[in-house]
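The following exercises are to be worked with the sequence and the coordinates at hand. Each task is followed by a solution in steps.

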Amino acid sequence: MSAPEAAAKPRVTFDRVSVEFPSKSGPMRVVEDVSYEILDREFVSVIGPSGCGKTTMLNMVAGFMQPTSGRVLLDGKPVGGPGPDRGVMFQEYGVFPWLTVRENIAFGLKLAANRSLAGERDAIVENYMRLMGLEAFADAWPRMLSGGMRQRLALARAYAIKPQFLLMDEPFGALDAQTRTAMQDLLLSVLAAEGKTVMLITHSVEEAIYLSNRVVVMSARPTRIREIVEVPFPYPRDESLHDTPAFGELRSHLRDLVMKEYAAQARQAVRLSD
Amino acid sequence: MPPIPRSPMLRNLLLVASPWVLVVLLWYAVAWSGLVNPALIPTPHQVAAKGWELLTRSRLPMDILMSTQRVAIGVAFGIALAVPIGFLLGWYKGVRRFLDPLLNFFRALPPIALIPLVIVYFGIGELAKVAILFYASFFAGVIVMYEGIAQISPIYVRVARTLGAADGEIFLRVIVPLTVPHMLTALRVALGVAWATLVASELIAAQQGLGALIQDASSFFQLDIIYVGIICIGLIALAMDLVLRAIARRMVAWQERIA
């Protein structure tokens, strides 16, 4: 994966987006006046305190919800419903328990919407099983798989229909540190092979830096953009990047920002409880 | 202590048989203890002999056939209705809010209390008996069905949508497979409830059937026959449940736990 050209066109546009949810004490503003763009083949991470509305922003791109005001655009057009052009990786994976590993990966390829890929179905399924190290479990039920393997299965299923966008909601959050690192490297290598535009929601500052072109730091609720940080390291990246001084500086800067927002959120909570 | 058999199959058989042996031993113990009037407790071998006699030379085969047929018909219709209704209740919160109180009202009514009304409206023929069993299995099935469906996580539908599934594809490829285990559980519960309701349904002027057998015997104080009837009901219900479980194990092998 290469850094996007300076003149690359925006694929996803948040244009003065605000979101309100109804609550007992009237409408609650979750996202406030957020504007940014994700360029073609760019990897953008969104970090911020928990419950700040990061997932809400991903859900709008995925097509599960609409902004209260402002616009979310996909290639210049307002987002309609969910579709196979945007692969979504959910926090809880959502692998289909009634299908085997092979059938899970093939699920999308059997749908009418992806008819163009139907002819290559077996080849695609085999390819991703190999890539994700799931070949030995081709005919196993998901209940027999470890958390890391379910995660890889969900990733393979999302990749199989060749979406242009990958929307990932804390996909590695539930994994142990080793598996997490392995999954990050796997993601980078797949992206290097087939360029995609990625939006990643994460809690982890390291993960955001390691994977992204840019990191969008969100504030406590109602969420605004605190800062958009460019990550200058060229791809391909490997784990030694974590040990460089430049990585360390960026990490402290981002940690600082995020910690301040957590503190702000804690103050809000205290004020609300008074 | 007898040596533990090495063959796992034999060991399994012993494990399964041991509680039954225990119950029979307990039965003998009570019958022979002198604590209870022996006329009130026939011994297991007396009951077995009576059962054999009824089975080979008398009415028992017909009773079993009639009862099984009534249960099968009542449960078939009950579940045929419980599956779609339970699905609607489980899937659509609005429908649930609307119909739940009504459902719980009817569910609480014991089928036996309905018998006078059933006789008034359906007479005393086969229809009346099947109606009672239908009632019992429908309400048992519909609750199991809708509790199960209501617990299905919406994540699978969302995932399917992001993969490009249309509404029809979501129904056939996601909702139906998730519904099958609940259908099987509903069927098992309904069968159990139907057998439990059988005697009540055959209170309605039945000439044949295990419930009728028990009632006829009770008029003549034939305790051994009553025991035969009761044991038959239990055994048939058990056999049906075992068969259903075996089918369920094959159909929903993907499930984490199998009940």
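**Exercise 1. A strand and its partners**

Which residue in E2(A) is the bridge partner of A:Val17?

*Solution.* The model is a predicted one.
Step 1. The bridge partner of A:Val17 in E2(A) is A:Val34.
Step 2. The two strands concerned are E1 (residues 10–23) and E2 (residues 26–39) of chain A, which run antiparallel and are joined by 10 bridges.
Step 3. Between E1(A) and E2(A) there are 2 residues, and the two strands form a hairpin.

**Exercise 2. The open sheet**

State the strand order of the open sheet of 6 strands in chain A, and describe the pairing of E7(A) with E8(A).

*Solution.* 
Step 1. The order is E6-E7-E8-E3-E9-E10 in chain A, with mixed pairing.
Step 2. Strand E6 (86–89) and strand E10 (225–230) of chain A are the edge strands, each pairing on one side only.
Step 3. From one strand to the next, the twist averages 15 degrees.
Step 4. Strand E7 (residues 165–169) and strand E8 (residues 197–201) of chain A pair over 5 bridges in the parallel sense.
Step 5. Within this pairing, A:Asp169 has A:Ile201 in E8(A) as its bridge partner.

**Exercise 3. Burial of a helix**

How many of the 9 residues of helix H1 of chain A are buried?

*Solution.* 
Step 1. Helix H1 (residues 54–62) of chain A has 7 buried residues out of 9, and is thus mostly covered.
Step 2. The buried residues of H1(A) are A:Lys54, A:Met57, A:Leu58, A:Asn59, A:Met60, A:Val61 and A:Ala62.
Step 3. Just after H1(A) comes A:Gly63, with a positive phi of about 100 degrees.

**Exercise 4. Backbone geometry in loops**

Locate A:Lys162 and B:Phe221, each of which has a positive phi although it is not a glycine. Is B:Phe221 buried or exposed? Then describe the peptide bond that joins A:Tyr235 and A:Pro236.

*Solution.* 
Step 1. A:Lys162 has a phi of about 50 degrees and is found in the loop between helix H4 (147–160) and E7 of chain A.
Step 2. A:Lys162 counts as partly exposed because it has 18 C-beta neighbours inside 10 Å, whereas a buried residue would need 20 or more.
Step 3. For B:Phe221, phi is about 55 degrees, and the residue lies in the loop between helix H9 (210–219) and helix H10 (223–251) of chain B.
Step 4. B:Phe221 has 10 other C-beta atoms within 10 Å and is therefore exposed, the cut-off for that class being 12 or fewer.
Step 5. The peptide bond between A:Tyr235 and A:Pro236 is cis, with omega of about -5 degrees.
Step 6. A:Pro236 has its place in the loop between E10 and H7 of chain A.

**Exercise 5. Chain B and its contact with chain A**

Describe the architecture of chain B, and then characterise the side of chain B that touches chain A.

*Solution.* 
Step 1. Chain B has 10 helices and 0 strands.
Step 2. The C-alpha trace of chain B spans about 70 × 60 × 35 Å along its principal axes.
Step 3. Of its 259 residues, 32% count as buried.
Step 4. Chain B is divided into domain 1 (1–41) and domain 2 (44–251), and the C-alpha centres of these domains lie 30 Å apart.
Step 5. Of the contacts in chain B between residues at least 6 apart in sequence, 72% join residues at least 24 apart.
Step 6. The contact between the chains takes 15 residues from chain B and 23 residues from chain A.
Step 7. On the side of chain B, the elements that give two or more residues are helix H7 (155–162) and helix H8 (167–201).
Step 8. H7(B) provides the largest share of that side, 6 residues.
Step 9. By class, the side of chain B that touches chain A has 9 nonpolar, 2 polar and 4 charged residues.

**Exercise 6. Confidence**

Which element of chain A has the lowest mean pLDDT, and which the highest?

*Solution.* 
Step 1. Chain A averages a pLDDT of 89, and 96% of the residues score at least 70.
Step 2. Among the elements of chain A, the lowest mean pLDDT, 87, belongs to helix H7 (residues 245–273), and the highest, 96, to helix H2 (residues 101–106).

Definitions and conventions
Residues are numbered from 1 along each chain as its sequence is written. Chains are lettered from A and ligands numbered from 1 in the order in which they are written. This is a predicted model: local features need pLDDT of at least 70, side-chain atom pairs count only at pLDDT 80 or more; totals for chains, interfaces and linings use all residues. pLDDT is the predictor's confidence in each residue, from 0 to 100. Helices (H or I, at least four residues) and strands (E, at least two) are DSSP runs, numbered from the N terminus. Two residues are in contact if their C-beta atoms, placed from the backbone, lie within 7 Å. Two strands pair if DSSP finds at least two bridges between them. Axes are lines fitted to C-alpha atoms, for helices over the stretch in contact, and angles run from 0 to 180 degrees between N-to-C directions. Domain bounds come from an automatic or database domain assignment. Ala, Val, Leu, Ile, Met, Phe, Trp, Tyr, Cys and Pro count as nonpolar, Asp, Glu, Lys and Arg as charged, and the others, Gly among them, as polar.
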